[in-house]
Amino acid sequence: QEYTALKMRVVSWADSAKTCADAIPKGANAYFIPATLRPETMYGQTSCFVSPTIKYGLFKVTDTEYFVCSERSARNMSYQPGIFPQWGEHPQVASFLGKDVVGSRVVAPMSVHKEVYILPMETVKDTKGTAVVTCVPSDSPDDYITSFDLAKKAEYYGIQKEWVKFDDILPIIDTPSYGNLTAKKLVEDLKIQSPKDAAKLAEAKEKAYKEGFYKGKMMYGDFSGKPVEEAKNLVRKQLIDAGDAFPYAEPDGKVISRSG
Ligand code: ZZB
């Protein structure tokens with residue numbers, strides 16, 4: 001599985017994230033690293049999700065760059081070229097739970113929202129990607145319903161409603177079957193009520209992927225008017241060339257080692 005790993009620079013840490021703030025030397029930057037399969041949707045990022053109960057690490061990449069991601073993904077990255085400087089090494093400088101960093105603020109590359117908040121998503125899995133997920137409510141049914149739930153029960157989640165940025169969702173991709181807010185349409189059509197409706201959400205995700213990829217047309221950004229199939233790699237290249245993203249491959253259960 002070839003993901004695009006996005007670099008979301010930390011602008012301010014939540015008070016509860018003191019361990020992280022203290023572990024970063026003056027002049028260095030920290031980045032949350034969501035793994036995405038939909039780089040062409042990055043214009044519509046509204047927040048960035050972590051699981052409140054998953055353990056994350058802060059990993060030193062260079063003297064000036066530190067990554068926030070799961071330990072598992074940092075290890076995978078260390079066996080891929082061009083990420084960590086030493087093959088197989090991913091020096092960890094802090095360990096914490098997702099809930100500790102909720103409320104931190106990060107830069108969302110390319111998004112109409114320049115800065116977004118780190119928010120909790122209970123359905124994030126530690127077994128894929130980096131366990132950090134960037135939120136695009138226009139095109140991801142999971143993100144749409146989670147944002148809906150967070151905004152509705154902000155107090156319960158210990159966040160502020162405004163952090164969710166759920167008021168007017170940016171349309172990015174137009175599709176024949178679901179219009180230009182694919183996720184919203186699918187959540188409504190399938191009567192998805194909660195982020196825990198796992199079976200329906202899996203169906204919605206599958207449908208959204210297919211429709212978006214094969215029939216979607218960009219209606220925002222530099223490649224507006226182009227089919228998604230074409231725009232996907234063009235946007236990805238822009239992000240990578242700008243230093244805002246890098247390729248991250250999921251080993252897929254296979255063991256990767258230098259000796260083979
Ligand atoms: C932004 C985005 C915009 C995403 C979209 C999807 C969609 P897959 O196919 O199952 O591999 N994701 C990444 N890591 C995790 C995780 N650990 N736990 C839960 N969700 C995760 O799923 C890859 C997609 O699932 C990724 O791409 C990420 O969300 C999320 F418009 O990034 B995506 C129809 C989907 N649309």
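Angles under 35 degrees count as roughly parallel, over 145 as roughly antiparallel, 65 to 115 as roughly perpendicular, and the rest as oblique. Keep that scale handy for the helix views below. What you are looking at is a predicted model, where local features need pLDDT of at least 70, side-chain atom pairs count only at pLDDT 80 or more, and totals for chains, interfaces and linings use all residues. Residue numbers start from 1 along each chain, following the sequence as written. Helices (H or I, at least four residues) and strands (E, at least two) are DSSP runs, numbered from the N terminus.

**View 1. Helices α6 and α7 cross at roughly 140 degrees.** The axes of α6 (residues 182–189) and α7 come within 10 Å; an axis here is a line fitted to C-alpha atoms, for helices over the stretch in contact, and angles run from 0 to 180 degrees between N-to-C directions. On the scale above, α6 and α7 are therefore oblique to each other. On the α6 side, look for T182, A183, L186 and V187; on the α7 side, for A204, K207, A208, E211 and G212. Being in contact means that the C-beta atoms of two residues, placed from the backbone, lie within 7 Å. Sorted by class, this contact of α6 with α7 has five nonpolar, two polar and two charged residues. The classes go like this: Ala, Val, Leu, Ile, Met, Phe, Trp, Tyr, Cys and Pro are nonpolar, Asp, Glu, Lys and Arg are charged, and the others, Gly among them, are polar.

**View 2. Helix α6 also meets α4.** Here the axes of α4 (residues 141–152) and α6 come within 8 Å and cross at roughly 75 degrees. The two helices are therefore roughly perpendicular to each other. P141, D143, Y144 and I145 of α4 make the contact with A183, K184, L186 and V187 of α6. That contact has six nonpolar and two charged residues, but no polar ones.

**View 3. The ligand sits among 18 surrounding residues.** The closest are T36, G129, D139, S140 and A208; a residue is near a molecule if its C-beta atom, placed from the backbone, lies within 6 Å of it. Which element gives the most to this shell? That is α7, with three residues. β4 (35–36), β11 (132–135) and α7 (198–215) each supply at least two. By class, the shell has eight nonpolar, five polar and five charged residues.

**View 4. Nine strands make an open sheet with mixed pairing.** Follow the order β8-β6-β7-β3-β2-β9-β10-β5-β11; two strands pair if DSSP finds at least two bridges between them. At the edges are β8 (92–97) and β11, each pairing on one side only. From one strand to the next, the twist averages 35 degrees.

**View 5. A few pairings inside that sheet, starting with β2 and β3.** Strands β2 (residues 8–12) and β3 (residues 29–32) run antiparallel, joined by two bridges, with M8 partnered by F32 in β3. β2 also pairs with β9 (residues 105–107) in the antiparallel sense over two bridges, and there S12 has R105 as its bridge partner. Elsewhere, four bridges join β5 (residues 47–50) to β11, and these strands run antiparallel. Look for C48 opposite T134 in β11.

**View 6. Three strands form an open antiparallel sheet.** The order is β4-β1-β14, and the edge strands are β4 and β14 (245–249), each pairing on one side only. Five bridges link β1 (residues 2–6) and β14 in the antiparallel sense. Among the partners, E2 is bridged to A249 in β14.
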